[in-house]
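Subject: Structure handover

Hello,

Here is the structure I promised to pass on. Please look through it before reading my notes.

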Amino acid sequence: MTLKIFLEVVELRTKVASVFPFAIGVLFSIAFFHEIQWLNTLLFFIGMIIFDLATTAINNYMDYKKAHSAVYKYEENVIGRTGISPILVRNMILGMIFFVFIIGVILTLNTGWLLLLMGMACCFIGIFYTFGPIPLSRMPLGEIFSGVTMGLGIFTMVIYINTQQGELFDLQLSLATGMFNFSGNIWALASVILAALPLVFTIANIMLANNLRDLDRDIENHRYTLVFYIGRPAGIILFQLLMYICYLIILIGLFIGIFQWPILFTWVSLPKIYQNIQKFKEALPQPVSFSYSIKNMILFNSSYALGLLLTILVGFL
């Protein structure tokens, strides 16, 4: 397998969706909790990227194995089109997952048992998103699982590995005595969840845009996504609502004290987001339509990250 084919199998260009929850999680840890642990952050970033590559490879592998359309299997899917061995792809996936497991063990020793539980839950969803007899991506749950796992899961784990004073939540466990103690701060946890919602919605919109575009092909390949059940017109309305609600969440967070005034910089992206949504509706179901969901995710979360960065800088003044 050449490097070019490997990068196509793992779709490196799509990893921006996981980088934003990570980056914003780091910035929120500094802005809200005033803590950062650089070694843990670096290890987590490496493990997160490798696992994201593995899940994309699983997606391509399972799409190849389960394809009902010969045209898709041998002309569109990267495995069939390039003629690489499915066994080689499978072994590559297993190797990446094992590497991530090692990093997870190191981080658990550095932080706490709760990270292991959160990581296992996210990995389970990530693997079975496209793997197994009934993958989550072939059900009307893809948007929920992708948004929550990446938008909330990555964001929360990043904050957890950086807040080592138990400000968020923690799990004390003794294997010798069998005793455990779970503690946390409900208001801190609520703040994290609210701050993560824009990430959840923008990432879910990527999957929703993909399903809106591919509705006809998905039906041909027996993939019954959310759009299959609610229809393309309702799906378009949902796509718009999820995007615009992100701006409302920023205002709510500012009003209740989770964010500081520099977060209003996020609203600078709204006019361009509106234009992209209109172009998205006009382009459906053409392949180019999907690009607008990526542009919106990058645009909104870039302005969100800059708003948090400005908050941190203002705090030093």
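My notes on what was found follow, grouped by topic.

**Basis.** This is a predicted model, in which local features need pLDDT of at least 70, side-chain atom pairs count only at pLDDT 80 or more, and totals for chains, interfaces and linings use all residues. Residues are numbered from 1 along each chain as its sequence is written, and side-chain values use heavy atoms, with hydrogens and water left out.

**Annotated segments.** An unreviewed UniProt entry lists "transmembrane region" for residues 12–32, 38–58, 87–107, 113–132, 144–162, 182–208, 241–263 and 297–316. Its positions are given in the numbering used here, feature names are shortened, and annotations may be inferred rather than shown by experiment. I looked at two of these segments. Residues 12–32 are 81% helix and 0% strand, with the end C-alpha atoms 31 Å apart. Residues 297–316 are 100% helix and 0% strand, and there the end C-alpha atoms are 29 Å apart. Helices (H or I, at least four residues) and strands (E, at least two) are DSSP runs, numbered from the N terminus.

**Core.** The largest nonpolar core has 87 residues. Such a core is a set of buried Ala, Val, Leu, Ile, Met, Phe, Trp, Tyr and Cys residues joined through side-chain atoms within 4.5 Å. Buried means under 20% relative accessible area, exposed over 50%, and partly exposed in between (1.4 Å probe, protein chains only). Phe28, Phe44, Phe155, Phe259 and Tyr304 touch the most other core members. Helix α9 (residues 186–213) gives the largest share of this core, 13 residues. Beyond its neighbours within four places in sequence, Tyr304 is in contact (heavy atoms within 4.5 Å) with Ile24, Ala195, Pro198, Ile250, Phe259, Ile263 and Thr266.

**Two buried polar residues.** Thr41 is in helix α3 (residues 38–66). Thr41 is buried, at 5% relative accessible area. Its side chain makes a polar contact with the side chain of Asn162, at 3.0 Å. A polar contact is a pair of N or O atoms within 3.5 Å; within protein, one must be able to donate a hydrogen and the other to accept it, and residues adjacent in sequence count only if both atoms are side-chain atoms. Leaving out neighbours within four places in sequence, Thr41 is in contact with Phe22, Val26, Ile36, Ile161 and Asn162.

Ser293 sits in helix α14 (residues 289–316). Ser293 is also buried, with a relative accessible area of 2%. The Ser293 side chain reaches the backbone oxygen of Phe290 at 2.7 Å. Apart from neighbours within four places in sequence, the contacts of Ser293 are Asn205, Ile206, Ala209 and Phe239.

Strands β1 (residues 169–173) and β2 run antiparallel and are joined by five bridges. Two strands pair if DSSP finds at least two bridges between them. Asp170 stands opposite Ser183 in β2. Leu173 faces Phe180 in β2. Six residues lie between the strands, and in this hairpin Gly178 takes a positive phi near 80°. How many of the five residues of β2 (residues 180–184) are buried? The count is zero, and the strand is hardly covered.

**Cysteines.** The whole structure holds zero disulfides, a disulfide being a pair of cysteine sulfur atoms within 2.5 Å. For Cys123, the nearest cysteine sulfur is that of Cys122, 7.1 Å away. Cys123 is partly exposed, at 26% relative accessible area. For Cys246, the nearest cysteine sulfur is again that of Cys122, at 19 Å. Cys246 is buried, with a relative accessible area of 0%.

**Backbone points to check.** Most residues other than glycine have a negative phi, and most peptide bonds are trans. His34 has a positive phi near 60°. His34 lies in the loop between α2 (16–33) and α3. His34 is exposed, at 64% relative accessible area. Leu284 and Pro285 are joined by a cis peptide bond, with omega about 0°. Pro285 is in the loop between α13 (270–283) and α14.

**One pair across the sequence.** Phe128 and Asn59 are 69 residues apart in sequence, and their C-alpha atoms are 9.5 Å apart in space. Phe128 is in helix α7 (residues 113–128). Phe128 is partly exposed, with a relative accessible area of 32%.

Best wishes
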